[in-house]
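My entries follow in the order of the look-ups.

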Amino acid sequence: MLNDTIAAISTALSEGAISIIRVSGDDAIEIVNQCCSIDLTKSPSHTIRYATFQDPHTHEILDEVLISVFKAPKTYTREDLVEINCHGGVYITRKILSILLACGARLANPGEFTQRAFLNGRIDLTQAEAVNDMIRANSSTNAKMAISGIRGSVKKLLDPLIEDLLNIIAVIEVNIDYPEYDDVEMLTNERVLPMSLSWLNQINEILKKSESGQLLKAGIKTAIVGKPNVGKSSLLNALLEEDKAIVSDIAGTTRDLVEGHIQLGQIHLNLIDTAGIRDTLDTVEKIGIERSKKAIEEAELVIVVLDATSEIDEQDQLLLDMTADKKRIIVYNKSDLAEKEGLSISAAKGELDDLIHEIESYYEQELISIQNPILNNERQIGCLMKARNSMNAAIESLENGIELDMVTIDLQDAYTQLKEILGEVSRDDLLDTLFSNFCLGK
């Protein structure tokens, strides 16, 4: 379908100052030229001109527009591309698109402009995914990771690994065809095995940093736990700066999970205010407590809230024991009423600076790791894990003295997995699924 010309609305379909309709393909300039008051065929590339847009069949003038012309190959899709800037009304935007479709364009599929950019070799698959990440970015951290991906950071990260892997394969295959070593064991131990182990160490380091990056990108699942009336809901509300959870002096007010999202500097937290954990005969409260326990199990960070006005009791100790193996922060609330040694806050008065600083310091290493190139999503990480598994199999074969030509099967598979990350070895069903998650017009 790459030979046809596609069109779509690239801006949000709502009332606004401007809407943009994008047209790409061999006939893009000719199709738009039918509908405007100027001759676009004579427009130089990368220029924008004023025109009126009209229905070529009825000659009705629909809008005053600005038309940008971009000629192949220096365009987003590497095809001729035209963008029409019209007034941002829903009716007029749709009307202009419908006329373009009537003149020979086809309505683009979600993500098809970026898909064409990938298929035409302008960007690799990781860059295409980063484009979607940028559109969906909801924090400065996600935006920084996306722009790094758009600029080709993943390819720069993987190219040396691909080259090293090819060198390992070449050492084996050259020796098979032109034996340098009479002793195959010497070849394995002196050259192939050390190169393979070094490659594996690099992969493990990249995976470690990439998984940290994914944690920050998705947001850290953070459970706020404590016994009833220690101020968990007040803390949630203070962090969110809104009255999300009901605050009451009555123990057991929170009976279900209350969730919210907050950005602390470069760290995104997915907060969960849990029901106070205690022994109770209330059936509904029991259900809430069981959900709280499950939330603790699934949390990536637990904030254990203790009451600064009282000593640690059995219920507090139960929570401390329950969260001992979790990444956690222990904080004393109600510091305005009593002093306590340790991290203290006053949720009711919004005095949370020490807690926020503690959270940021907890993830300092993760923040440092994303300053360097990392993999951007689970698909890429999954492919790299498969490459690591293949290399592990190859190393095991080397250590067990398996014939070298058999070892290359696993090495070739590791190579294929790296190339699939970049989209240089890819399946049509994978591409269709990936680009279907894009918005129209992109």
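**Entry 1: burial and overall counts.** I take buried to mean under 20% relative accessible area, exposed over 50% and partly exposed in between, with a 1.4 Å probe and protein chains only. By that rule, 49% of the 442 residues of the chain count as buried. I note that this is a predicted model, in which local features need pLDDT of at least 70, side-chain atom pairs count only at pLDDT 80 or more, and totals for chains, interfaces and linings use all residues. Residues are numbered from 1 along each chain as its sequence is written, and side-chain values use heavy atoms, with hydrogens and water left out.

I looked up the secondary structure next, where helices (H or I, at least four residues) and strands (E, at least two) are DSSP runs numbered from the N terminus. The chain has 15 helices and eleven strands. For contacts I use heavy atoms within 4.5 Å. Among contacts between residues at least 6 apart in sequence, 66% join residues at least 24 apart.

Entry 2: I count two strands as paired if DSSP finds at least two bridges between them. Six strands form an open sheet with mixed pairing, in the order 3-4-5-2-1-6. Strand 3 (47-54) and strand 6 (106-107) stand at the edges with a single partner strand each, so one side of each has no neighbour in the sheet.

I then went through some pairs. Strand 3 and strand 4 are antiparallel and share eight bridges, with F53 opposite D63 in strand 4. These two strands form a hairpin with six residues between them, and H59 in the turn has a positive phi of about 65°. Strand 2 (residues 16-24) and strand 5 (residues 81-88) also run antiparallel, joined by eight bridges. In that pair I found S24 opposite L81 in strand 5.

**Entry 3: helices on this sheet.** For angles I use axes that are lines fitted to C-alpha atoms, for helices over the stretch in contact, with values from 0 to 180 degrees between N-to-C directions. Helix 2 (residues 90-102) lies across strand 1 (6-9), strand 2, strand 3, strand 4 (61-70), strand 5 and strand 6, and runs at about 150° to strand 5. Helix 3 (residues 112-119) lies across strand 1, strand 2 and strand 6, at about 135° to strand 1.

**Entry 4: strand 7.** I checked whether strand 7 (residues 220-225) is covered, and five of its six residues are buried. Strand 7 pairs in the parallel sense with strand 9 (residues 267-273) over five bridges, and I272 in strand 9 is the bridge partner of A223. Strand 7 also runs parallel to strand 10 (residues 301-307), with four bridges between them. There I found T222 opposite L301 in strand 10.

**Entry 5: helix 13 against helix 14.** Helix 13 (residues 378-399) and helix 14 (residues 404-422) pack at an angle of about 170°, with their axes 8 Å apart. The two are therefore roughly antiparallel to each other; the classes are under 35 degrees for roughly parallel, over 145 for roughly antiparallel, 65 to 115 for roughly perpendicular, and oblique for the rest. Residues that make the contact include C383, L384 and A387 of helix 13 and L411, A414 and L418 of helix 14. The contact residues divide into 13 nonpolar, four polar and five charged. I count Ala, Val, Leu, Ile, Met, Phe, Trp, Tyr, Cys and Pro as nonpolar, Asp, Glu, Lys and Arg as charged, and the others, Gly among them, as polar.

**Entry 6: cysteines.** How many disulfides does the structure hold? I found zero, taking a disulfide as a pair of cysteine sulfur atoms within 2.5 Å. The cysteine sulfur closest to that of C35 is in C103, 3.7 Å away, which is too far for a bond. C35 is buried at a relative accessible area of 0%, and C103 is buried at 12%.

**Entry 7: two single residues.** I206 lies in helix 7 (residues 184-218) and counts as buried at 11% relative accessibility. Not counting residues up to four places away in sequence, I206 touches L157, L161, L375 and L384. The C-alpha atoms of I206 and I374 are separated by 6.6 Å, although the two residues are 168 apart along the chain.

Q127 sits in helix 4 (residues 125-136) and is buried, with a relative accessible area of 14%. Leaving aside neighbours within four places in sequence, I found Q127 in contact with G149, I150, R151 and G152.
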